[in-house]
Amino acid sequence: MIRLVVLDVDGTLTDRERRISTDAIINIRRAVNSGVLISFVSGNALPVMFGLKTFIGTNAPVFGENGGIVLINDTIKTFFSKEKCDKFLDEISKTTSARPMFTNIWRQTSSAFTMDEKDYEFISKEAEKRDLYIVNSKFTWHVMNKGQDKAYAVNFLKKFYNYDYNEILVMGDSDNDLSMFDLPVKKAAPANASENIKVKSEYVSEFAYGTQVGDVFKYFGII
Ligand SMILES: O=C(O)COP(=O)(O)O
Ligand SMILES: [Mg+2]
């Protein structure tokens, strides 16, 4: 039985313009009312997750920065440092198209940026040399510390609630969700998810951009 659902946000609950699906909100509330725990785990900054949790009314800790920071019982915990990420981004923005995102003012464990695809190889290699990595959510590029990923967040929640992996369902759409799709949890994807997510999913909905939440929850017996 699914006791905890871990939801990616951008592209999983929202459309390409980051507008959240009202269907998703209605079905998330149905799941909360049925006693299932709902957590958001996003590349976005923690204040955005706090807003979603507050205004949708969910009932579990929420993670920002791809698992680097969590809001749990009104307390913020950080698991990584942004120092190396910021220093790296500052360096590469001098010689490439990489440009920091304004949301970095709210970030404590990583850095977000935009760049032209032509610089991907160079920037990715330079990050590796510094024990960092870059990952794309289809909405933003992120400079992350090694080991900082959404699987880290799922494993934190698994331990916190003392659940088995088969009691946890994850839902995501793109590369920065892959690490949690590599865990032995239940996995589902919207129709708009990338192929590398779909092939790892137990269930791929015909619906997209948040309108799949009810369909997925019915498939797993959550609502
Ligand atoms: O990259 C972001 O800021 C958000 O992306 P995600 O919610 O799909 O993880
Ligand atoms: Mg996403």
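Predicted model: local features only at pLDDT ≥ 70, side-chain atom pairs only at ≥ 80, totals over all residues.
**Entry 1: Glutamate 65**

The side chain of glutamate 65 makes a polar contact with the side chain of threonine 109, at 2.8 Å. Next I looked up where glutamate 65 sits: in the loop between β3 (62-64) and β4 (69-72).

Is glutamate 65 buried or exposed? It is buried, yet it has no salt bridge. I checked for the nearest side chain of opposite charge and found arginine 107, 4.9 Å away.

I then listed what glutamate 65 touches, leaving out residues up to four places away in sequence. Arginine 107 and threonine 109 are both among the contacts. The list also includes Ser42, Gly43, Asn44, Trp106, Met144 and Gln148.

**Entry 2: The salt-bridge search**

How many salt bridges does the whole structure hold? My search finds 20. I picked out several to follow up.

**Entry 3: Lysine 150 and aspartate 8**

Lysine 150 forms a salt bridge with aspartate 8. Their closest N and O atoms are 2.8 Å apart. I looked up both places in the chain. Lysine 150 is in helix α5 (residues 150-161), while aspartate 8 is in the loop between β1 (4-7) and α1 (22-33). The pair links distant parts of the chain, 142 residues apart.

I checked accessibility for both partners. Lysine 150 has 0% relative accessibility, so it counts as buried. Aspartate 8 has a relative accessible area of 2%, so it is buried too.

**Entry 4: Lysine 138 and aspartate 173**

Another salt bridge joins the side chains of lysine 138 and aspartate 173, at 3.8 Å from N to O. Lysine 138 lies in the loop between β8 (132-136) and β9 (141-145). Aspartate 173 lies in the loop between β10 (168-171) and α6 (178-181). The pair therefore ties together parts that are 35 residues apart in sequence.

Aspartate 173 is buried, with a relative accessible area of 1%.

**Entry 5: Glutamate 17 and arginine 19**

I turned to glutamate 17 and arginine 19, whose side chains meet in a salt bridge. The N to O distance is 3.3 Å. Are these two buried or exposed? Both are exposed.

**Entry 6: A network**

Which residues are linked in a network of salt bridges? I noted Lys87, Glu91, Glu126, Lys129 and Arg130.

Methods. Residues numbered from 1 in each chain as written. Chains lettered and ligands numbered in written order. Heavy atoms only, no water. Salt bridge = Lys/Arg side-chain N within 4 Å of Asp/Glu carboxyl O. Helix = DSSP H or I, 4+ residues; strand = E, 2+ residues; numbered from the N terminus. Buried < 20%, exposed > 50% of the residue type's maximum accessible area, 1.4 Å probe, protein only. Lys, Arg positive; Asp, Glu negative; His and termini not counted. Polar contact = N/O pair within 3.5 Å; in protein donor to acceptor, adjacent residues only side chain to side chain. Contact = heavy atoms within 4.5 Å.
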